[in-house]
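Dear colleague,

I am passing on the structure below, together with a written account of what came out of going through it. Please read the notes with the coordinates open beside you.

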Amino acid sequence: MRTPRQNLVILSANLSILRNILDIQIEMKPLVLFFLALFPVIVHCQSSDTDVATSWSEVIKDKKGTVVFYYYPSKPFIYLENEKILGIEYDLANSFVEFLEKEYQVTLETKWIVANQFDDVIFKLKDFDSGMFGVSSLSITDERAELVNFTPPYIPDISVLISSSNIPIAQTKDEFYQNIDGLTAISVRSSTLETNLIDLQNKNPINYDIVRVDNAGDIIGTIETMENGFGYIDLPTFLAAMAEGTSLKRQFFYPIKREGFGLTYPKRSDWQEPVDDYFTSEKFENDRRQIVAKYLGEDVTELIKTISNSAEFGPYEEIVILTKEKELQYKELLDASIRAQQDQRLRNVLIGGVVVFLFISVLFYSRYNLKTKANIALADSQQQLADLNEEKYNLIKVIDYDLRVSLTKISGLSRLYILENDPLTEDQQKIIEHILHTSDQLGGVIGNILDIDSSQAEQLNLKFEKVNLKSILEHVVTDFENQAKENGVILQSVVDDSYSYVKGDSASLRLVLENLLSNAVNFSKEGNIVTLTIQDTDEKIIVSVSDEGPGLGEEDRINIFEKSSDGMGLSIVKMYADLMKGAITCESELGKGTTFTLSLDKA
């Protein structure tokens, strides 16, 4: 039932409407009479939703009542699918109701009402005091807490910046400002995601327009169709999009961490007691864990739990998220290899069909030609299959070798860090253990890659963009400094301030440079010098990696980029160089070291 104060608010609002109508010119009298006829209907519509909601005191007295939930769709928190309401907050609200029914021996009916827009959820609740709740991925903020009450958070609120696939990932804040300035931001009106964008613009030297969409899910869909879009999105939604193969990029700067998401209810509500009973109970913790895992997965749930243990978003949290992104990328690679294997089987069937067709055709032509030509066709087909299988086998060896080398390097550096910095702080120990655990986990993913076709190179989704080659080279050198120091090898960079931007894929360029530097360090003796240089020519940027190792004979030098057991990493270097329309050469002489030179088009 409505309280006297609620009736007074409703009556005052409708009297104001009538007063405005009566002020209309005399020729509008028919319209005035029409609205007067509608007045009882308006009063009834304004009160119908609240009349069904029951106060907690009435529930206890009558042992029954109705709970009203206002919501606005926002996947995966609450959304419609096949005309059914689903989502984390929908399941959590139902668990709350089931707990009260069992704990207090009452019967509760639930009513779900969709709001017209996102900010209607809070404003609908703030003036009422019955059994009403707001459900719409609402982040707990001080401003909102002045209007409504919040339950304790069921999941932390972590927002990250995403951008269109053609916008480079910035390495410095200056690069970030340059890349973002003048773009179009996408957000939801009156949301914390919109507040993040406004604060980012007010506090930094960047300008952009903000376009509003209906919900957080539309942010990702809109930016995917744009060439100059970006915006904030909550971390669970971003990771879910990555698992589905989104092309969007995450920018590493200005992530935001808030208290978390919670359900809302009116300030004057007398439901505080049952809310506290459930949201401080062990059942809530169990429900929360199971429901979040149901919609986001166990691994994402554990990731969010790990990040929520610290008050601020720092380097450790960045490492955790970056590691999860890499896991999803490796999973995508595994899926691609399985698809390639299925394509290979189909090709084998088609080849077999062609062979059978030729065999039957020759049979009808003549018995002699049958014996001769059938043997030739079968031999050719078998050779084709053998060649395809060998290509497939060699390429998987290349990928397996390079990925395992990288993981071994990560594990080795982590263990070396433990030995050189013992004892570690608690945070350092946590980071190192996480890195080692993830390395082992990724090693298992690699071990599951059963097969890949030689034409996989044509299916690689390279993202060509303007890349700072000097920045990538500096990161690669930093990664190999410990390994070089262990081997007694001196790393020497000859890089001036000349132009170093090229057209290419940043991940592929990093892989190429890592392979070249890894070979140089591994084949160098103690005291040898490995030199890396970047040169700016008229149309090309030239990168050279030179060592003082044992060098190569003429035959080995000629075959260095073949897919053999001695040059697996270099074969993939050659493949990526070709795909980026670059060139890789090798100069070497026995006893005088080796120099690899990579040339790429300027951006």
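**Helices H18 and H19**

In the contact between helices H18 and H19, the residues Leu469, Ile472, Leu473, His475, Val476, Val477, Asp479, Phe480, Gln483, Ala484 and Asn487 of H18 meet Ser506, Leu509, Arg510, Leu513, Glu514, Leu517, Ser518, Val521 and Asn522 of H19, where contact means heavy atoms within 4.5 Å. Sorted by class, these residues comprise 11 nonpolar, six polar and three charged, with Ala, Val, Leu, Ile, Met, Phe, Trp, Tyr, Cys and Pro taken as nonpolar, Asp, Glu, Lys and Arg as charged, and the others, Gly among them, as polar. Helices here are DSSP runs of H or I with at least four residues and strands are runs of E with at least two, both numbered from the N terminus.

Before going further, please note that this is a predicted model, in which local features need pLDDT of at least 70 and side-chain atom pairs count only at pLDDT 80 or more, whereas totals for chains, interfaces and linings use all residues. Residues are numbered from 1 along each chain as its sequence is written, and side-chain values use heavy atoms, with hydrogens and water left out.

The axes of H18 (residues 469-487) and H19 come within 10 Å and cross at roughly 30 degrees; such axes are lines fitted to C-alpha atoms, for helices over the stretch in contact, and the angles run from 0 to 180 degrees between N-to-C directions. The two helices H18 and H19 are therefore roughly parallel to each other, given that angles under 35 degrees count as roughly parallel, over 145 as roughly antiparallel, 65 to 115 as roughly perpendicular and the rest as oblique. Their crossing is right-handed, a term used if the near helix is turned clockwise from the far one by less than a right angle, with anticlockwise giving left-handed.

**The protein overall**

The protein has 21 helices and 19 strands, and 47% of its 603 residues count as buried, which is defined as under 20% relative accessible area, with exposed being over 50% and partly exposed in between (1.4 Å probe, protein chains only). Among contacts between residues at least 6 apart in sequence, 77% join residues at least 24 apart.

**Helix H4 and its two partners**

Helix H4 (residues 88-104) and helix H12 (residues 282-296) have axes that come within 9 Å and cross at roughly 155 degrees, and H4 and H12 are therefore roughly antiparallel to each other. The contact is formed by Ile88, Asp91, Leu92, Ser95 and Phe99 of H4 together with Lys283, Phe284, Asp287, Arg288, Ile291, Val292, Lys294, Tyr295 and Leu296 of H12, and by class it has eight nonpolar, one polar and five charged residues.

With helix H11 (residues 272-279), H4 packs at an angle of about 105 degrees, the axes being 10 Å apart, and that makes H4 roughly perpendicular to H11. Here Leu92, Ser95, Phe96, Phe99, Leu100 and Tyr104 of H4 meet Glu273, Pro274, Val275, Asp277, Tyr278 and Phe279 of H11, giving nine nonpolar, one polar and two charged residues.

**Helix H7 and strand S7**

Helix H7 (residues 173-180) has Glu175, Phe176, Tyr177 and Ile180 as its buried residues, and these pack against several elements, including strand S7 (155-163), helix H8 (192-203) and strand S10 (229-234). Just after H7, Gly182 takes a positive phi of about 90 degrees.

Ser163 lies in strand S7 and counts as buried at 0% relative accessibility. Its side chain is joined to that of Gln251 by a polar contact of 3.1 Å, meaning a pair of N or O atoms within 3.5 Å, where within protein one must be able to donate a hydrogen and the other to accept it, and residues adjacent in sequence count only if both atoms are side-chain atoms.

**Two further buried residues**

Glu194, in helix H8, is buried with a relative accessible area of 9%, and, leaving aside neighbours within four places in sequence, Glu194 is in contact with Ser187, Val188, Arg189 and Arg212.

Ser524 lies in the loop between helix H19 (506-522) and strand S16 (529-536) and, at 9% relative accessibility, counts as buried. The side chain of Ser524 reaches the backbone oxygen of Ala520 at 2.5 Å, and, not counting residues up to four places away in sequence, Ser524 touches Val489, Val530, Asp547 and Glu548.
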